[in-house]
Amino acid sequence: MIRINDIIDKVSETHPDTDMDIIDRAYIYSARVHEGQLRLSGEPYLSHPLEVAYILADMKLDTVSIAASLLHDVIEDTHATPQDVRDMFGDEVFHLVSGVTKLSILTFDSSQERQAESIRRMLLAMADDIRVILIKLADRLHNMRTLQYQKESKRKEIAQETLDIYAPLASRLGIYWIKKELEDTSFKYVVPEEYSKIETLVSKDMEERERYIETVKRFIKEKMDENHLKGEVFGRYKHFYSIYLKMINQNLEFEDVYDIIAFRIIPETIPQCYETLGLVHALWKPVPAKFKDYIGIPKPNMYRSLHTTVIGPYGERIEIQIRTREMDEVASSGIAAHWGYKEGMPIDENISKKFSWIRSIIENQENIKDPNEFLENVRIDLFPEEVYVFTPKGEIKSLPKGATPVDFAYLIHTEVGNQCVGAKVNGRMVSIKYELQTGNIVEIVTSKNHHPSKDWLNFVKTVKARSRIRQWIKTQDKERSMTLGREMCEKAFRKHRLNFNTLFRSEKMNQVVEHFNFKNVEDLIASVGYGKTTPLQVVRKFMPKTEMEEETGSIFDKIIGRVRKKKPKSGVLVKGLDDILVKFGRCCRPVPGDSITGYITQGFGVTIHRTSCKNALKMNPERQIDVDWDYKSTETYPVKIGIRSLARVGLLADITANISKNEANILDVNTKMIDNNGIEILLTLSVDNTHHLEKVLTSLKKVKYVQKVNRIGI
Ligand code: MN
């Protein structure tokens with residue numbers, strides 16, 4: 001079993017002048033809270049964090065990471081609280097420990113295999129500090145090393161998850177030694193028969209193969225000596241899982257996988273790497289298109305090496321990697337190699353450059369010529385712009401950053417989107433405008449009678465949601481226009497003693513439709529409803545010429561058509577029209593005193609908006625009409641106000657008393673608790689005018705504990 005002194009010795013090797021106090025304290029604390037707990041192996045639980053810490057010390061990570069790794073299971077598995085960890089070890093350790101804890105809580109079953117890529121990216125996105133992922137990988141590595149103690153039924157599942165998620169994650173970070181170990185241990189549990197088959201086959205002709213390795217090594221070495229090149233040559237077996245993949249992918253029998261051995265040459269300098277390559281190519285014929293220069297063009301995860309495949313002394317393929325010692329180190333520890341001291345630069349400065357590796361990917365982008373690699377890089381580059389959320393069933397969905405429950409709803413199904421009234425995130429109700437966060441579990445609340453609103457277009461982020469909402473509005477508009485157009489036509493025809501319904505399917509109608517260039521009569525009627533064609537234009541086509549000339553009518557007749565009604569009591573004067581139906585915009589709720597403007601709607605009279613109203617600003621100027629308040633009117637008008645206050649007993653009673661004292665009526669009240677002790681009250685009052693409203697607002701501001709009072713509306 002690893003002891004704390006082994007870890008401290010290891011850390012001192014790489015960081016000789018570092019204070020080990022935090023590691024000591026983390027160890028003592030971890031030992032105390034895990035006391036009495038056992039691993040499935042029967043060992044004291046503490047052995048696990050110690051092993052994990054040792055792996056990280058070996059990877060030359062800093063003291064903060066080592067301390068965090070000693071504490072990585074205390075929040076989840078002991079009585080220790082997040083606050084305890086923060087108080088005792090500071091923000092940085094706390095941040096790492098809680099990051100690892102968050103990742104541990106997520107579980108993925110193997111049916112989600114196809115989502116593996118999303119999960120991997122989600123993990124990377126959730127870990128805002130790459131050290132969280134490194135600790136998680138070390139944790140998984142030790143758990144895989146001790147997987148034989150797990151319940152039989154769980155072994156395969158854990159191994160599959162490791163293969164799907166964690167090994168590729170290690171590979172992406174360039175930590176190939178972890179990737180290989182994770183793959184081989186998982187392989188053993190996922191397909192045990194295949195594993196032991198390869199194990200047996202590899203060991204079968206071991207002696208012969210060892211002789212072969214020696215021969216090849218000697219050839220290379222001799223050639224290097226002749227040319228006065230120093231360096232080492234290694235021959236090694238490829239890891240079992242890569243042999244297995246090769247057999248599967250290329251449909252080969254084991255006997256046909258000849259390159260189960262790979263060679264590596266470590267010259268002293270970069271120029272010598274290329275020289276050595278030249279020698280190898282002079283010695284054996286290179287296989288075309290197998291040569292890769294990752295020294296000239298490093299991989300995004302900083303891997304550098306020359307790769308070549310040649311036809312060896314017995315006509316077999318030999319894979320050879322050539323790189324310097326330093327490159328070799330980076331090749332095995334990847335991103336982690338960059339955490340150590342570099343040219344005397346203190347480690348903290350390295351660490352503070354969180355995600356500097358992503359920056360370097362972007363910087364290297366232009367040097368990358370392989371299109372697949374480029375795509376891969378672009379994806380990494382893009383993922384900070386994505387969030388990953390779960391359905392209630394645990395399915396993972398990726399959305400653009402800033403996406404809302406409405407986007408999520410449309411992603412699930414168009415109907416779910418259309419009927420979305422709200423959402424629960426992690427079990428709590430949120431507004432449909434809520435910005436989804438990675439890791440959220442999202443449940444959409446729907447209602448059969450609910451419909452999308454134009455307003456949604458202002459906050460949705462996905463193309464799908466946007467186009468589905470537009471489509472719905474379009475269909476709705478068309479249906480409404482059809483009904484309206486039909487009514488307008490019926491009325492216009494009646495006025496001229498014609499029956500629209502009997503003429504509807506007539507030959508004459510078809511000619512009229514053609515005349516106006518529509519596909520069918522429905523489109524013509526919809527066009528009337530939209531106000532693009534007037535009913536009069538249609539009816540004229542059914543009348544003798546003489547009668548037609550008598551027809552006159554103002555522009556408003558044409559647009560408004562049938563909606564002239566007896567004068568309603570609105571308190572608004574519409575220029576030039578005294579018997580027009582007047583409505584008030586629900587968006588801005590104008591009251592006398594507000595500057596207002598009118599909008600001629602298609603068949604529904606005039607709607608009054610405040611001139612400052614967002615909707616009024618968007619209107620077609622051709623349909624705008626001057627209006628003014630009729631100050632002789634004694635109407636009252638609804639207006640919405642919002643109050644923010646600290647909650648207290650009797651608050652609502654005081655507010656209502658205050659309002660009635662000012663002679664305003666309350667039409668509607670809505671209260672909502674916000675954060676800790678705050679309350680938000682939405683009221684609809686009826687007031688005489690802006691002066692009256694001002695009086696009410698000023699008075700409400702004086703109520704005890706009230707923080708803010710304002711009129712609502714755009
Ligand atoms: Mn653990």
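**The manganese site and its surroundings**

Colleague: Which residues are the protein donors of the manganese ion?
Modeller: Donors are N, O and S atoms within 2.8 Å of the metal (3.2 Å for Na, K and Ca), and water is not among the atoms, so sites may look incomplete. The protein donors here lie 2.2 to 2.4 Å from the ion, and they are H48 (NE2), H72 (NE2), D73 (OD) and D139 (OD).

Colleague: How many residues apart are D73 and D139?
Modeller: The donor spacing in sequence is H-x23-H-D-x65-D. D73 sits in the loop between α4 (63-70) and α5 (74-77), while D139 belongs to helix α8 (residues 130-145); helices are DSSP runs (H or I, at least four residues), numbered from the N terminus. This pair links distant parts of the chain, and the separation is 66 residues.

Colleague: What pLDDT do local features need in this predicted model?
Modeller: Happy to set the ground rules: residues are numbered from 1 along each chain as its sequence is written, and side-chain values use heavy atoms, leaving out hydrogens and water. Totals for chains, interfaces and linings use all residues, side-chain atom pairs count only at pLDDT 80 or more, and local features need pLDDT of at least 70.

Colleague: Is D139 buried or exposed?
Modeller: Buried means under 20% relative accessible area, exposed over 50%, and partly exposed in between (1.4 Å probe, protein chains only). D73 is buried at 7%. With a relative accessibility of 5%, D139 counts as buried.

Colleague: Why is helix α19 described as largely enclosed by the rest of the structure?
Modeller: The buried residues of α19 are P405, V406, D407, F408, A409 and Y410. The helix covers residues 405-412, and it is largely enclosed because the number buried is 6 of the 8 residues.

Colleague: Which residues is I198 in contact with, leaving aside neighbours within four places in sequence?
Modeller: Contact means heavy atoms within 4.5 Å. With those neighbours set aside, the partners of I198 are F187, F240, I243, Y244, M247 and F254.

Colleague: What is the distance between the closest N and O atoms of K217 and E214?
Modeller: A salt bridge is a side-chain nitrogen of Lys or Arg within 4 Å of a carboxyl oxygen of Asp or Glu. Because K217 and E214 are 3 residues apart in helix α12 (residues 206-226), about one helical turn separates them. K217 is partly exposed at 24%, and E214 is partly exposed at 43%. They form a salt bridge whose closest N and O atoms are apart by 3.7 Å.

Colleague: In which helix do E490 and R486 both lie?
Modeller: E490 forms a salt bridge with R486, with the closest N and O atoms 3.8 Å apart. E490 is partly exposed at 23% relative accessibility, and R486 is partly exposed at 30%. They are 4 residues apart, about one turn, and both lie in helix α21 (residues 463-495).

Colleague: How many salt bridges are there by this rule?
Modeller: One of them joins E680 and K672, with the closest N and O atoms 3.7 Å apart. D62, E92 and R131 are linked in a network. By this rule, the count of salt bridges is 23.

Note on methods
Helix = DSSP H or I, 4+ residues; strand = E, 2+ residues; numbered from the N terminus.
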